[in-house]
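Please read the following account alongside the sequence and the coordinates. It begins with a single helix and then turns to the chain and to individual residues.

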Amino acid sequence: MPLNEIIKESHNKEAEAIKVNIDGLKKERSSMIFKVKDLRRRISYKEAELTATMKLLEMKKSSGSFDTKKIGYLKHQKRRLEFKISTEASSLSEEKELVMKINQLDAELDEAFALVRLERKVQLMKSDIERYTADLAKYNSDIADKDAKIDALYTDLRKVLKLGRWQNKRKVERQAHKEKPMQEINLEDIAVIKRKPAK
């Protein structure tokens, strides 16, 4: 007979109150399990994204096309050329050449900033994974606490409804059965059993 029916038939207010507590804890536990599943999904997604981003970053770094330490130097060069265009009088061909150099510096700066953004993205993803892992550990601990409380409440419920006695009796029977010595059978007994009588 299901436990809910036993509680209804008993009309025991204490048992009903314990069951309400159990149901509340189970509801909290199921919402925590939902959050744990969501965190595990997020962690696996972030780990896959981190692996892909790190590969891309390594490819860009190994190409050796740019060093992020040159950003300050390139910005200085670009400002110097822009200042030169705006203040000095020059021919059209000289001005075109300066604009081409500025465009080249812009392309190098874009590449450098792309590397910086990738490095920053890697750091952010690592911190997200650490945060999600800490949250996951906390939720797992909370779920274990809820499980212990639910188990204790079920024990109390069995005591209130006096359902534990049959379990104790069965436990004693099982122990007694385990302690019974096994009957030994020799190969001699088996040989006698298999022997056919002579005619």
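**A walk through the helices**

In helix H3, the residues Ile-71, Leu-74, Gln-77 and Leu-81 are buried. These residues span an arc of only 125° around the axis, which means that they lie on the same side of H3. An α-helix has 3.6 residues a turn, so residues three or four places apart point the same way. On the face of H3 that is turned away from this buried side are the exposed residues Arg-79, Phe-83 and Ser-86. The cover over the buried residues of H3 includes helix H4, residues 92-161. H3 itself is formed by residues 71-87, 17 residues in number. From its first C-alpha to its last, H3 reaches 24 Å, close to the 24 Å expected at 1.5 Å a residue.

The model described here is predicted. Its protein chain contains six helices and zero strands, and the order of elements from the N terminus is α-α-α-α-α-α. Of the 199 residues in the protein chain, 20% are buried. How much of the contact set with a separation of 6 or more comes from residues 24 or more positions apart? Such pairs account for 85% of those contacts in the protein chain.

Helix H2 covers residues 13-62 and has 50 residues. At 1.5 Å a residue, H2 should span 74 Å, and its end C-alpha atoms are 73 Å apart, so the two values agree. At the start of H2, a side-chain oxygen of Asn-12 comes to within 3.0 Å of the backbone nitrogen of Glu-14.

Is Thr-53 buried or exposed? Its relative accessible area is 6%, and Thr-53 is therefore buried, since buried means under 20%. A polar atom of the Thr-53 side chain lies 2.8 Å from the backbone oxygen of Glu-49. Leaving aside residues up to four places away in sequence, Thr-53 touches Leu-118, Lys-121, Val-122 and Met-125.

Attention now passes to H4. Lys-126 is part of helix H4 and, at 32% relative accessibility, counts as partly exposed. Which residues does Lys-126 touch, not counting residues up to four places away in sequence? They are Leu-50 and Met-54. Lys-126 can also be compared in position with Lys-46: the two are 80 residues apart in sequence, and their C-alpha atoms are 8.3 Å apart in space.

Arg-131 also belongs to helix H4. With a relative accessibility of 44%, Arg-131 is partly exposed.

How many aromatic pairs does the structure hold? The number is zero. A ring does, however, take part in another arrangement: the charged end of Lys-138 sits over the ring of Tyr-139, at 5.6 Å from the ring centre.

Note on methods
Residues are numbered from 1 along each chain as its sequence is written. This is a predicted model: local features need pLDDT of at least 70, side-chain atom pairs count only at pLDDT 80 or more; totals for chains, interfaces and linings use all residues. Side-chain values use heavy atoms; hydrogens and water are left out. Rings of Phe, Tyr and Trp (its six-membered ring) pair if their centres lie within 6.5 Å; planes under 30 degrees apart count as stacked, over 60 as edge-to-face and the rest as tilted. A charge sits over a ring if NZ of Lys or CZ of Arg is within 6 Å of the ring centre and within 35 degrees of the ring normal. Helices (H or I, at least four residues) and strands (E, at least two) are DSSP runs, numbered from the N terminus. The expected span of a helix is 1.5 Å times one less than its number of residues. A polar contact is a pair of N or O atoms within 3.5 Å; within protein, one must be able to donate a hydrogen and the other to accept it, and residues adjacent in sequence count only if both atoms are side-chain atoms. Buried means under 20% relative accessible area, exposed over 50%, partly exposed in between (1.4 Å probe, protein chains only). The arc is that of the directions from the helix axis to the C-beta atoms. Contact means heavy atoms within 4.5 Å.
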